[in-house]
Amino acid sequence: MSFADVILPLPLDGLFTYAVPQKMEGRVRRGMRVLVPFGRSKSYVGIVARLHDKKPEGYAVKPIALMMDDRPVLLESQLKLWEWIADYYMSPIGDVMKAALPAGLKAEEGYRPKTETYIRLTENYRNEPTLHVALNMLARAPKQQEAFIAYLSLSRWDTIEGNDTLEPVLEITREELMNYSGTTLDILKALVKKGMLETYEVEVSRLNRGGEAHPEKIKKMSEAQEEAYNKILLSMMKKNVTLLHGVTGSGKTEIYIHLIQREIEQHRQVLYLLPEIALTVQIMERLQQVFGSRLGIYHSKYSDAERVEIWQKQLSEHPYDVILGARSAVFLPFQNLGLVIVDEEHETSFKQQDPAPRYHARSVAIMLASYNSSQCTIHDKPRVLLGTATPSLETYHNAMTGKYRLVELKERHQGIELPEIQVVDIQDLQRRKMMRGPFSPLLLTRVREALEHGEQAILFQNRRGWAPMVECRQCGWVPRCEHCDVSLTLHRSMNQLTCHYCGYTYHVPAECPACGSKELQGRGYGTEKIEDQIRDIFPIARIARMDLDTTRTRQAYERIISDFSDGRTNLLIGTQMISKGLDFDRVSVVGILNADSMLNYPDFRAYEHAFMMMAQVSGRAGRRGKRGLVILQTRQPDLPLIDYVVRNDYQAFYRSLIAERQVFHYPPYYRIIYVYLKHQKDYVVETAGHEMGARLRQWFGGRVLGPDKPAVARVKTLSIRKIVLKLELGIDMAKVRQYLKMARQQMLQDKRYASLQLYYDVDPL
């Protein structure tokens, strides 16, 4: 008798062993879905991870209830990647399964294919004499007769050889017939009831067909782009990973397109990863013009059914040659992967925060290429290209130390200059009462000039809502979330206060509950308030706002970007979403309203993220034909970081920050692991934090910092403690993971901590 170790979509460590029934012997394979019982009454769809003949001891083994497929839904390379993610990020492999598979592949009832209703003649009316009989029978029902004649005129028929039976050549959908004839569903139902017409269902794809590929539409590269392209090809012969460091507007996407076409010509697949769903809208249009139906799109804004269909297509004999997607696309099956492009590799959106597994898509993409190389020769192995104008410190350090190859693209496409950045000291202007809300006179003047000349402007404010907090002017009372340790954000358009951590909403009080005063006012500026005030200043401006509140759906993303690209709107206000590689032709002015809001986070990466965000949003200006202008408003104009942004001097910024990282034991010189403990009761998590810290110090000594309260120490009613583990690069990570898993197991076995949440965040951002 054989046994199967099965992955179940549960946050539990390890695999679960089931007996393979005799009727399934030889048919069950690694990577297949099976339905298995769990506990007394539950059942789950799991993935077979291992087959063996070793019977477990100490308990009765239940049999597999049902095979869900005739073939594996997971390739061998995907299973290995799952196992690596579970091990490296110290997450149960069941959590990896939950993140990787579309819901339709995890559900017991399975995935429901989309069908369309077609209509045809019944067998009794498929020859000429019976058709005349039918028309005569319908003489007293003129609307039914009209619909029947419309159907006959819309259809095309041939006679089957040897008899007078008619055979449909052109299939007609019920929808087409109704649109063509103007008839109603009730009339068609009457014809079906009379036995003249019948309906039948045909499975149809939800996927965009995309049309023919047009490689002739690939644009010719500039001299600088061609030089970078050739250097990338040379680099890929020597290294698995290459970093393309190209300034904003240098035409990195055009190089990607040429590389993709090269892979397609060699019959290999490409995965093109982007950090933000909004970006896929613009890039998708460019890629579809060239690659047509060879291109597939995959991200969380697509329906589950669409994602299941893409997954199944990737396993078919005719998969997509190119997949464009956000971070979840790394989990798709690739039968012949040749290249992975990670665009805007520095972006924090590539790191999954909650729920588990807390993986980084850039690291997973590199491992994906590695696990897809087993069947390849050394020259055909999948390669990874990381592209960005502002590399993450770890990536750039890897390029500087020879782990990755570095290719640079230092000039903008068509010789357009990088934008001029003018720094405005808003502290001085506020002292002199020259600011108009959050807007400096210079910013308003330049935006007005741009709009008057038919150009566009972008205003960047990395806070959504109307105001980050509300305060009573009399007693200073501030409304706070009942479930989280944060103040509530005012969203005036919805007339509600919202917690941006747990999503809970509250009514805006009419008066202060502490002192009864009605003088409640919003403090600070969110994008909603910026939009409201800018409408008063520029009443003729066509304004759009792009933040989490306005982009809840895929259609909302597409509409905002399309309207701005086509000039239907000319002033875009947004959060960090607008900084991520969007390409607009007519933007001449960009305003960074408050650079300081990005600098004051209690995080060792705060300056790195601030530099990247400011450099990226600045790069939206002056993309076509003329030099752009960036107005950077700050209270700290003398800060060295501001100077690096103004001079677009990444190397100087890197040198200053890398020295600090080495002195204070941070990445890339040290590996960081955060240990999070959460519990409903603060005293329990406080005690657990000290016990966990003591356990870890037994093994890791001074490498352990904490436990401490994080900046937000209570979220969704759970109190939080954080322990930081700093590990030198030479340490044995296999043993580290072993000790950490042991510590977690020991803690959770203690009855006092039965409901404690304890998890690890490896390589946090």
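**Starting at a strand residue**

Analyst: Happy to. Let's begin with Thr-173, which touches Glu-116, Thr-117 and Tyr-118, leaving aside residues up to four places away in sequence. Keep in mind that this is a predicted model.

User: Which strand is Thr-173 found in?

Analyst: Thr-173 belongs to strand β9, residues 172-173.

User: And is Thr-173 buried or exposed?

Analyst: Buried: the relative accessible area of Thr-173 is 5%.

User: Good. Switching to sheets: what is the strand order in the open sheet of 5 strands?

Analyst: The order is β2-β1-β4-β3-β5, and the pairing is antiparallel. At the edges sit β2 (16-19) and β5 (66-67), each of which pairs on one side only.

User: How many bridges are there between β1 and β2?

Analyst: Strand β1, residues 3-7, and β2 pair over 4 bridges, in the antiparallel sense. One detail to look at there is Ala-4, whose bridge partner in β2 is Tyr-18.

User: Now the core. Which residues touch the most other members of the largest nonpolar core?

Analyst: Those are Trp-82, Leu-271, Met-614, Ile-673 and Met-692, in a core of 120 residues. Helix α1 gives this core its largest share, 7 residues. There is also another core apart from it, with 33 residues, including Leu-233, Ile-264, Ile-283 and Leu-287.

User: What does Trp-82 touch?

Analyst: Not counting residues up to four places away in sequence, Trp-82 touches Ile-7, Ile-47, Leu-74, Ile-93, Val-96, Met-97, Ala-100, Leu-101 and Phe-331.

User: What about helix α12: which of its residues are buried?

Analyst: In α12, residues 361-371, the buried ones are Ala-361, Arg-362, Val-364, Ala-365, Met-367, Leu-368 and Ala-369.

User: On to rings. How many aromatic pairs does a search of the whole structure find?

Analyst: The search finds 22 aromatic pairs. Phe-604 and Tyr-666 form a stacked one, at 4.3 Å centre to centre with 15° between the planes.

User: Why does the pair of Phe-604 and Tyr-666 tie together parts that are apart in sequence?

Analyst: Phe-604 is in the loop between β27 (587-592) and α18 (606-618), while Tyr-666 is in the loop between α20 (650-663) and β29 (670-679), so the pair ties together parts 62 residues apart in sequence. Phe-604 is buried, at 18% relative accessible area, whereas Tyr-666 counts as partly exposed at 24%.

User: Which residues do ring pairs link into a cluster?

Analyst: That cluster links Tyr-396, Phe-611, Tyr-644, Tyr-650, Phe-653 and Tyr-654.

User: Which ring does Arg-358 lie over?

Analyst: Arg-358 lies over the face of Tyr-759, 3.6 Å from the ring centre.

User: Backbone check: what is phi of His-267 near?

Analyst: Phi of His-267 is near 60°, a positive value in a residue other than glycine. His-267 is in the loop between α9 (252-265) and β12, and is exposed at 65% relative accessible area. Thr-717 also has a positive phi, near 70°, and is found in the loop between β31 (714-715) and β32 (718-728).

User: Last topic: how many disulfides does the count come to?

Analyst: The count comes to 0 disulfides.

Technical notes
Residues numbered from 1 in each chain as written. Predicted model: local features only at pLDDT ≥ 70, side-chain atom pairs only at ≥ 80, totals over all residues. Heavy atoms only, no water. Pairing = 2+ DSSP bridges. Helix = DSSP H or I, 4+ residues; strand = E, 2+ residues; numbered from the N terminus. Buried < 20%, exposed > 50% of the residue type's maximum accessible area, 1.4 Å probe, protein only. Core = buried A, V, L, I, M, F, W, Y, C linked by side-chain atoms within 4.5 Å. Contact = heavy atoms within 4.5 Å. Phe/Tyr/Trp six-rings, centres within 6.5 Å; stacked < 30°, edge-to-face > 60°. Lys NZ or Arg CZ within 6 Å of the ring centre and 35° of its normal. Disulfide = S-S within 2.5 Å.
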